[in-house]
Amino acid sequence: MDLTSAYSDKLKSYQRNYIFINTGREDVPALIILKDQMETAAPNIKKYWQVNTLNKPVFEQNNTIKLNSSRDSIYAYTHINFVYPTLADLDKKIHSKADAHNIFGFQVTPPDSNLFESHGHRVVLSPKNAQQKDKFLSVFQMTNSPQPMTNIVHSKVGNFEQLELLDVVVLVND
């Protein structure tokens, strides 16, 4: 999907691939594969990857961000595994409380402070090294386990990214 027109002329190109997989499994009922490819007008223009969540996320080992939510005694987790770039190659910040509503210096007031969404968190990632082109490839594992349920095997096959996870092989156009 070409998202370039949604941004200013600072962004020359923004392509997003989004794949949802209903696994039919109870332990990992869903997977999302997200690939973002961005090219800016100049290398010094920072690119940001962001996800919002109700509960405070955790940066874990193995290039994973853990999101969690619960209702009564039911817990759900989303493990976001970064195939690339690695978390070590990214500046990472969790914005919470009033800071979660500050968008690059513009403070926004939530419409209803009684809603859970008004007290959420924003995870913002940005490459440490300035480049004109950046790519993000991530896999979201939805599960009821506090640990990721599957390993991800990544390889290049011609003009495709190949991901092997659970009993699925996915090819994503490069």
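Author: Gladly. Let us begin with a cut-off: a residue is called exposed when its relative accessible area is over 50%, and buried when that value is under 20%. Keep in mind that this is a predicted model.

Reader: How does that cut-off apply to Phe-104, buried or exposed?

Author: Phe-104 has a relative accessibility of 62%, so it counts as exposed. Phe-104 sits in the loop between strand E8 (102-103) and strand E9 (106-107). Its backbone deserves a look too: Phe-104 has a positive phi of about 50 degrees, although it is not a glycine.

Reader: Which residue in the loop between strand E4 (58-60) and strand E5 (64-71) could I look at in the same way?

Author: Look at Asn-62, which is placed in that loop. Asn-62 is not a glycine either, yet it has a positive phi, of about 60 degrees. With 68% relative accessibility, Asn-62 counts as exposed.

Reader: While we are on the backbone, where is the cis peptide bond?

Author: Go to the bond from Tyr-84 to Pro-85: it is cis, with omega near -10 degrees. Pro-85 belongs to the loop between E6 and E7.

Reader: Now the aromatic rings. How many aromatic pairs does a search of the whole structure find?

Author: The search finds 4 aromatic pairs. To read a pair, take the distance between ring centres and the angle between planes; an angle over 60 degrees counts as edge-to-face, one under 30 as stacked, and the rest as tilted. In the pair of Trp-49 and Phe-82, the ring centres are 4.9 Å apart and the planes stand at 75 degrees, so this pair is edge-to-face.

Reader: Why does the pair of Trp-49 and Phe-82 tie together parts that are apart in sequence?

Author: Because Trp-49 lies in strand E3 (residues 49-53) and Phe-82 in strand E6 (residues 74-84), the pair connects parts that are 33 residues apart in sequence. Trp-49 is buried, with a relative accessible area of 3%, and Phe-82 is buried as well, at 4%.

Reader: What kind of pair do Trp-49 and Phe-140 form?

Author: That one is tilted, with 6.3 Å from centre to centre and 40 degrees between the planes. Phe-140 lies in strand E11 (residues 133-143) and Trp-49 in strand E3, so this pair ties together parts 91 residues apart in sequence. Both Trp-49 and Phe-140 are buried.

Reader: What is the make-up of the lining of the largest pocket by class?

Author: The lining of the largest pocket has 12 nonpolar, 3 polar and 5 charged residues. The second largest pocket holds about 300 Å³ of space. Asn-62, Thr-64, Asn-81, Thr-150 and Asn-151 are the closest to its centre among the 14 residues that line it. By class, this second lining has 4 nonpolar, 9 polar and 1 charged residues, and its largest share, 3 residues, comes from E6.

Reader: Last topic: sheets. What should I look for?

Author: In a regular strand the side chains alternate between the two faces of the sheet.

Reader: How many bridges join strand E13 (residues 160-165) to E14?

Author: There are 6 bridges, and the two strands run antiparallel. Glu-164 stands opposite Val-169 in E14. E13 and E14 form a hairpin with 2 residues between them, and Leu-166 in the turn has a positive phi of about 50 degrees.

Conventions
Residues are numbered from 1 along each chain as its sequence is written. This is a predicted model: local features need pLDDT of at least 70, side-chain atom pairs count only at pLDDT 80 or more; totals for chains, interfaces and linings use all residues. Side-chain values use heavy atoms; hydrogens and water are left out. Rings of Phe, Tyr and Trp (its six-membered ring) pair if their centres lie within 6.5 Å; planes under 30 degrees apart count as stacked, over 60 as edge-to-face and the rest as tilted. Helices (H or I, at least four residues) and strands (E, at least two) are DSSP runs, numbered from the N terminus. Buried means under 20% relative accessible area, exposed over 50%, partly exposed in between (1.4 Å probe, protein chains only). Ala, Val, Leu, Ile, Met, Phe, Trp, Tyr, Cys and Pro count as nonpolar, Asp, Glu, Lys and Arg as charged, and the others, Gly among them, as polar. On a 1 Å grid over the protein atoms alone, a cavity is a set of points where a 1.4 Å probe fits but cannot get out, and a pocket is an open set with protein on both sides within 12 Å along at least five of seven lines; lining residues have an atom within 4 Å of a point. Grid points are joined across faces, edges and corners, and a volume is the space filled by probe spheres set on the points. Two strands pair if DSSP finds at least two bridges between them.
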